[in-house]
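The structure under discussion is shown first.

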Amino acid sequence: MKFERFGLGLLKGMTVTLRNLLRHPTVNQFPEQRLNISRRTRGNELVWSRERCTGCGTCAKTCPQGAIVIETSVNMTDNKYEVDKYQVDTGYCIQCGLCVEACPYDALFMGYAFERAQYRRGDLVQSDDALLESPERPASGYYHPDVASKLPRQTLLVDKIVEKRK
Amino acid sequence: MTFWPGNYWWHWLFYAAVIIVFVLLMVMGAIYFERRGLGRMQSRLGPNRTGPFGLLQPVADAVKVLLKENLVPDKADKLVHWLAPVVAFAPVLMIFAVIPFQNGALLADLNIGILFIVAVSSVATIGVFMAGWGSSNKYSLLGAMRNVAAVVSYEMPLALSVVATVLVAGTMSMNGIVQGQTIPYILLQPLGFLIFFAAGCAEINRSPFDLMEADQELVAGFHTEYSGMKFAMFYLVEYAEAIAISAIITTLFLSGWKGPWLTPWLWFIIKVFVVFFLMIWTRATFPRVRIDQLMAFAWKFLFPLALINLFVTAAQVLVWPDGLPWYVIFINFAIMGILILAWSKLFKLGLGRSEV
Amino acid sequence: MTQVYAVKDLAARLEERFPGSLEESDGDSLVVRAGSLLAVMAYLKDTVGLEFDYLNYITAVDYYSYFEVVYQLTSLTHNHTVVVKTRCQGRNNPSVPSVTGLWGGADFQEREIYDLMGIGFKGHPNLKRIFLWEGFPGHPLRKDFVP
Amino acid sequence: MTTTEMMTLKTEPFVLNFGPVHPSTHGVYRMRATLDGEVILDIEPVVGYLHRGIEKLAEERTFSGFIPLTDRLDYISPMSNNLAYCLAVEKLAGIKIPERGEYLRVIMAELQRLANHCVAVGSFLNDCGAYYTPFMYTFREREKIVDLFDMVCGQRLTYNYMRIGGVSQDIPEEFLPALKKLVKQLARFIEEYERLLKQNEILLARTKGVGILSRETAINCGISGPVARASGVAWDLRKADSYSVYDRFQFDIPVGEAGDSYDRYRVRIEEMRQSLRIIEQAMKDVPGGPVRAELPHLIRPPRGEAYGHLEAPKGELGFYIVSDGSIAPYRCHIRPTSLINLSALREMVKGWKVADLIAIFGSIDITMGEVDR
């Protein structure tokens, strides 16, 4: 160990820490201050629309984890599938979004909310009507530009947000 | 002139209470001050949830640690493991006995005050080594061995820089030193201040020299196997020692309780926090030094500089027997600059890789 | 760009240098007999014009009837690369000579192939399992592995 | 025996376990170090605590179904893993990627290199003992990059953004202005970071001349990435075997001389500057048009094998894929950059002290997801 620059290097370093002391901390008090998340966020649940879904099962085939279970019965009168059961095990789901991408009829959305922890593993399995879109289960704009444009714009740290500190 | 008219026992009881309350409050304040200061230097906030502005965070920590279970490893040496925090904490409290909060306001105005401090402060190492050895854990043994090696080699520069100040002050009693400081000794003794600050930080394992509980390497150093109340004691020891070293620096170099408008003991506390902020600042910026560099830094850099500083001060005291004039400040600063320049150019400190 | 070294003339040079060491060399890779693997590899690494001093990776593929150990070598100076393969038969413990002598980087990768594929490497300093624990039954990456 | 020989203290080595759960082993890595006092005689790495058998899983997944799994390999730089896998499959199936897709891939890969080096340099300083301050600064900058990734693909860690034949989605219109601001801020940040640490005597003391990796051992052990370039091996796949559109951009390759921990730190800082240069050039002329080639969802590459590799932030990351004509790969081997970079750790660490073992290990910058797969 040699003081090549007689300790000046150390003092220069200290000026940097001092300058950061006087700078505004880049921090956000989460529960009170909520920043807008990305419009294409892949929340940990799926949002399914019953009218658009034709029961083709492409989403179930492409899911790498096999988290989607779909049971359909043939409706002879107007010659199409009736979706009896559509069940997603969000415990298995790794939120990769391949199902939303693969759905030919845009019937599937990723969830926009991310606070979806449950107390029991059984509650992770959501099926049929629990999957429909609703105010507290908004759909994210992932692979749906029209839904994305309606969501609030993401707040970026690059824009130097200066928020009120509690 | 004792501050309190009562007889000896009243005086002793009052100051014992003052010291214990002072140490605990200052430790709580130091913990909070450090966590907020360190946080703000790292562009984050630091505790602000418990109580207004997070002021109750140290209290919350203390309560949490008290409720924690007190684990003792089964192969540990029970008695040594149990006694280590006590042996580590007692000397730190004893140091405060001779530190003047105000003119004459100290438990015992010993005429050998600073000698008592230097002697007592090395007893704490025994407690740390007992902790390292008692908890029969390889990491804590490594940490304890490092602590013993560091403290032994940093006693010398610490004592020598104190001797230089005593030469200038003429008396060893802490109160006398403060009264003798018409010009704060930091200006008369700049090199002494730097050496004392560096050696003090190494002694209480703070800032760049915190090898004893280097959490990156030795998990938690000597207090790895401690939990519950005993861990709280070691946490207390660490911050109490930091406050003790800051208090000694304020008394020796920053003219203790002297100050223009405010009440004297408030000046004392402000100066203690200023020196403590310096420690936080170095802790936030510098990486850690390796153990052999720590040794080399003590013996090859601090020790010779302390010796030369002692000779220079002795010569100056001989030339001006009745107190040093003000222009000596520039001479001393020039000497400090030259010495640091010379030493950092000449000496390669610390050996690299040992052939194995 | 890293050019693939012309396999044709490399095969020809190797054929006259080590007769009978190549099994087939029509594709874009050299298939070398296990017996003369070390000699060929040393030749590829040390001769002046070739200097394949950088071993990209070693891997093994289970083709049911035989195992194939694949080495990709690159020369940092000439910026050309070649894929060398050896085949070993037998399901219980096939084995191939180890190249740790030539390239230090092969050590962990060969232990991994031994651990997951079950191919022994003769001459490896400490050939034991690297990922799974000692008593693990079987080798998971084999096609006929039943957990 | 002279008196001095008799005097030397007889010490016997003891084995200290830097166990899987240790504050600075960057994940579940374990070293059994034989120590003589503080000096290290030998270390024996024990890996496998994070082995998930991704190569076996690959054989059961479709070619595009495997992409989410490549995020979990080197979870500090998932974009580069996705890109490496897609390059290998495109080489195997011979797919042409539209221009805009290529440019987006270069921008994302270079942003990922910046984010990875932020983590690498920050945690290296942490291992040298700087009490989390440089770590917090680098993570504040990494947060800005991760924000942009979040805007583009919706996730902050497992991006799953690249697809075979291009990129999954086009960038929103507010992406490029935010990228312009980010590039300016990052350039200023690197200057400030240099002022904090470039001349810091204690860092120089702890890292200069420590853990030297000679040029020959680096090439012999197959070391790649910043660790090899710090030892003087001027080998960077973006120039040597330039894939995608890297040949259109001007940037140079920082190379160290001594090959010690300080050079590895310097090479990473210089590489961050070069990445900024590439992003600036790529950002200016991003062409219009589609971002992804027209491909069926379940592609069936022809029988055969291919090895696609790229210059990932940690070194050469490659995928060796054998296809037998079905929708799933017959065999998919992943070149473990971190595992191979670790093979030289034993020579680099012998003779140094415990504190140096942690600093040298930190300077190699590994992630356990890539070591254990």
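In this predicted model, strand β3 of chain A, residues 80–89, is joined to β5(A) by three bridges, and the two strands run antiparallel. One of the residues involved is A:D89, whose bridge partner in β5(A) is A:V125.

This pairing belongs to an open sheet of three strands in chain A, ordered β2-β3-β5, with antiparallel pairing. The edges are taken by β2 (68–75) and β5 (125–127) of chain A; each has a single partner strand, so one side of each is left without a neighbour in the sheet. On average, neighbouring strands of this sheet are turned by 20 degrees against each other, direction ignored.

In chain B, helix α9 (residues 190–203) packs with helix α10 (residues 229–253) at an angle of about 170 degrees, and their axes are 11 Å apart. Because angles over 145 degrees count as roughly antiparallel, α9(B) is roughly antiparallel to α10(B). The contact brings B:F193, B:F196, B:F197 and B:G200 of α9(B) to B:I245, B:I249 and B:F253 of α10(B). By class, the residues of this contact are six nonpolar and one polar, with no charged residue.

Helix α10(B) also has a part in the largest nonpolar core. That core has 255 residues, and B:I243 and B:L294 are those with the most contacts inside it. The element that gives the most to this core is α10(B), with 15 residues. Neighbours within four places in sequence aside, B:L294 is in contact with B:A150, B:A202, B:F209, B:L211 and B:V289. Another core lies apart from the largest one and has 29 residues, including A:I70, A:C96, A:Y143 and A:A148.

The contact between chains D and B involves 33 residues of chain D and 29 residues of chain B.

| Element of chain D | Residues |
|---|---|
| β1 | 14–18 |
| β3 | 39–46 |
| α5 | 99–127 |
| α6 | 133–153 |
| α8 | 201–207 |
| α15 | 354–364 |

Which classes of residue make up the side of chain D that touches chain B? This side has 19 nonpolar residues, together with seven polar and seven charged ones.

Conventions. Residues are numbered from 1 along each chain as its sequence is written. Chains are lettered from A and ligands numbered from 1 in the order in which they are written. This is a predicted model: local features need pLDDT of at least 70, side-chain atom pairs count only at pLDDT 80 or more; totals for chains, interfaces and linings use all residues. Two residues are in contact if their C-beta atoms, placed from the backbone, lie within 7 Å. Helices (H or I, at least four residues) and strands (E, at least two) are DSSP runs, numbered from the N terminus. Ala, Val, Leu, Ile, Met, Phe, Trp, Tyr, Cys and Pro count as nonpolar, Asp, Glu, Lys and Arg as charged, and the others, Gly among them, as polar. Two strands pair if DSSP finds at least two bridges between them. Axes are lines fitted to C-alpha atoms, for helices over the stretch in contact, and angles run from 0 to 180 degrees between N-to-C directions. Angles under 35 degrees count as roughly parallel, over 145 as roughly antiparallel, 65 to 115 as roughly perpendicular and the rest as oblique. A nonpolar core is a set of buried Ala, Val, Leu, Ile, Met, Phe, Trp, Tyr and Cys residues joined through C-beta atoms within 7 Å. A residue is buried if 20 or more other C-beta atoms lie within 10 Å of its own, exposed if 12 or fewer, and partly exposed in between; C-beta atoms are placed from the backbone.
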